[in-house]
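The following exercises are to be worked with the sequence and the model side by side. Each task is followed by a solution in steps.

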Amino acid sequence: MRLNIATNQPWIGGGEVMLFHIATAARELGHEVVVVAPHHSDVAQRAQHDGFALVEIHGEGTRGYLTGLRRWATQQRTGTLWCNGLRPAFATAGLPDRVVQLHRLPSRPQQLAAVAVAARA
């Protein structure tokens, strides 16, 4: 099974550490793992260093990453998409074959977005 894991942000924080633990465990179980991250980001560099296949999404800032992620997910993705956080989950809301992982309860302003991301997940 191909598992694409999309990062929530370009730098390495707690959720991204979790992303690499998930990716490592999936790879050890024999799955094909692809990390999806912003172009030239800390997450992309770590994915390459750790030997994971990588899809780098081009785009300026958060909006560019999320727009590019949606485009890639609808036009080029094969396999399951693991949305590692609210941002990639929101960008790909409604698409099939997705896992949505939120690392913490959404803040009050994020709660409406959290409801939307659950569609078809």
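**Exercise 1: A bridge between two strands**

In S2, Val36 is the bridge partner of Ala6. The model under study is a predicted one.

Task: Determine in which sense strand S1 and S2 pair, and over how many bridges.

Solution. 
Step 1. Strand S1 covers residues 2-6, and strand S2 covers 32-38.
Step 2. Besides the partners Ala6 and Val36, Arg2 stands opposite Glu32 in S2.
Step 3. The two strands pair in the parallel sense, over five bridges.
Step 4. Four of the five residues of S1 are buried, so strand S1 is largely enclosed by the rest of the structure.

**Exercise 2: The chain and its sheet**

Task: State how many helices and strands the chain has, and which pattern they follow along the sequence.

Solution. 
Step 1. There are five helices and five strands in the chain.
Step 2. Reading along the sequence gives the pattern β-α-β-α-β-α-β-α-β-α.
Step 3. The open sheet has five strands, in the order S3-S2-S1-S4-S5, and their pairing is parallel.

**Exercise 3: Buried residues in the strands**

Solution. 
Step 1. A residue counts as buried when its relative accessible area is under 20%.
Step 2. A second pair, Val34 and Gly79, is 45 residues apart along the chain, and the C-alpha atoms are separated by 9.8 Å.
Step 3. For the chain as a whole, 44% of the 121 residues count as buried.

**Exercise 4: Two residues with positive phi**

Task: For His40 and Asp97, give the value of phi and state where each residue is placed.

Solution. 
Step 1. His40 is not a glycine, yet its phi is positive, at about 55°. The residue is found in the loop between S2 and H2.
Step 2. With a relative accessible area of 63%, His40 is exposed, since the cut-off for exposed is over 50%.
Step 3. Asp97, also not a glycine, has a positive phi of about 60°. Its place is in the loop between helix H4 (86-91) and S5.
Step 4. The relative accessible area of Asp97 is 43%, so Asp97 is partly exposed.

**Exercise 5: Polar side chains in the loops**

Task: Identify which side chains make polar contacts with the side chain of Gln9, and which backbone oxygen lies 2.7 Å from a polar atom of the side chain of Ser41.

Solution. 
Step 1. Gln9 is placed in the loop between S1 and helix H1 (14-28), and is buried at a relative accessible area of 13%.
Step 2. Its side chain makes a polar contact of 3.3 Å with the side chain of Trp11, and one of 2.9 Å with the side chain of Glu16.
Step 3. Ser41 is in the loop between strand S2 and helix H2 (42-49). At 5% relative accessibility, Ser41 counts as buried.
Step 4. The backbone oxygen in question belongs to Pro38.

**Exercise 6: A pocket and its lining**

Task: Describe the second largest pocket by its space and by the classes of residue in its lining.

Solution. 
Step 1. The space in this pocket is about 190 Å³.
Step 2. The pocket is lined by 14 residues, and those closest to its centre are Pro10, Pro38, Gly59, Gly61 and Tyr65.
Step 3. By class, five lining residues are nonpolar, seven are polar and two are charged.
Step 4. Helix H3 (residues 61-75) gives the largest share of the lining, three residues.

Methods
Residues numbered from 1 in each chain as written. Predicted model: local features only at pLDDT ≥ 70, side-chain atom pairs only at ≥ 80, totals over all residues. Heavy atoms only, no water. Buried < 20%, exposed > 50% of the residue type's maximum accessible area, 1.4 Å probe, protein only. Polar contact = N/O pair within 3.5 Å; in protein donor to acceptor, adjacent residues only side chain to side chain. Pairing = 2+ DSSP bridges. 1 Å grid on protein atoms, 1.4 Å probe; cavity = no way out; pocket = protein on both sides within 12 Å on 5 of 7 lines; lining within 4 Å. Points joined across faces, edges and corners; volume = space filled by probe spheres on them. Nonpolar A, V, L, I, M, F, W, Y, C, P; charged D, E, K, R; others polar.
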